[in-house]
Amino acid sequence: MMYALDGEHRIAPTSEYSFQYYVQIVPTKYITKELNVQTYQYTVQEQIRAIDPASGSHGNAGIVVKYEFSPMSAIVQVKEKNWVIFLTRMLGVVGGIISTSGMLNMVITESFELICCRFRKQTVPAKTGS
């Protein structure tokens, strides 16, 4: 498992630097068929700044870590679905495709017939009685 601060190194060019880390911690519960684990997720934000009173930057040099614990927790639950549900959904998709293609075929056929019939009426000469 990799953590947000693994392998992080910071070297200040002078002794007047402030490193601030804001850590937000969220309790997390993972529930699977084989596993039920209570753990924590966290995010880290960092702010690095030089402290130079001549340019208006004040403060104390050092490392500050601020923690914030979330009042809410996250639950990650993995459920396997029954094959009957999968089959029902697949048949629904296939039925929708067949219905849509049938309606599209009807619209195209009717449009084609409408256009062709107009041109046939205009090009067919009228019959005269004998």
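**A walk through a β-β-β-β-α chain**

The accessible surface of the protein chain comes to about 11500 Å², and 62% of that belongs to carbon and sulfur atoms. Such areas come from the Shrake-Rupley method with a 1.4 Å probe; for residues, only the protein chains shown count as cover. This is a predicted model, in which local features need pLDDT of at least 70 and side-chain atom pairs count only at pLDDT 80 or more, while totals for chains, interfaces and linings use all residues. Residues are numbered from 1 along each chain as its sequence is written, and side-chain values use heavy atoms, with hydrogens and water left out.

Start with the layout. Along the sequence the order is β-β-β-β-α. Of the 130 residues, 8% count as buried. Buried means under 20% relative accessible area, exposed over 50%, and partly exposed in between (1.4 Å probe, protein chains only). Contact means heavy atoms within 4.5 Å. Among contacts between residues at least 6 apart in sequence, 61% join residues at least 24 apart.

Now go to strand β1, residues 17-31, and find Thr28. Thr28 counts as buried because its relative accessibility is 0%. Beyond its neighbours within four places in sequence, Thr28 is in contact with Val37, Gln38, Thr39, Tyr40, Gln41, Ala74 and Val76. A polar atom of the Thr28 side chain also lies 3.2 Å from the backbone oxygen of Val26.

Turn to the surface. Tyr67 sits in strand β3, residues 62-69. At 54% relative accessibility, Tyr67 counts as exposed.

Last, the charges. Side chains of opposite charge can pair when their charged atoms come close. How many salt bridges does a search of the whole structure find? One. The term means a side-chain nitrogen of Lys or Arg within 4 Å of a carboxyl oxygen of Asp or Glu. Here the side chains of Arg10 and Glu46 meet, 2.7 Å from N to O. The pair links distant parts of the chain, 36 residues apart: Arg10 lies in the segment before β1, Glu46 in strand β2 (residues 36-50). Arg10 is partly exposed at 37% relative accessible area. Glu46 is also partly exposed, at 37% relative accessibility.

Key. Helix = DSSP H or I, 4+ residues; strand = E, 2+ residues; numbered from the N terminus. Polar contact = N/O pair within 3.5 Å; in protein donor to acceptor, adjacent residues only side chain to side chain.
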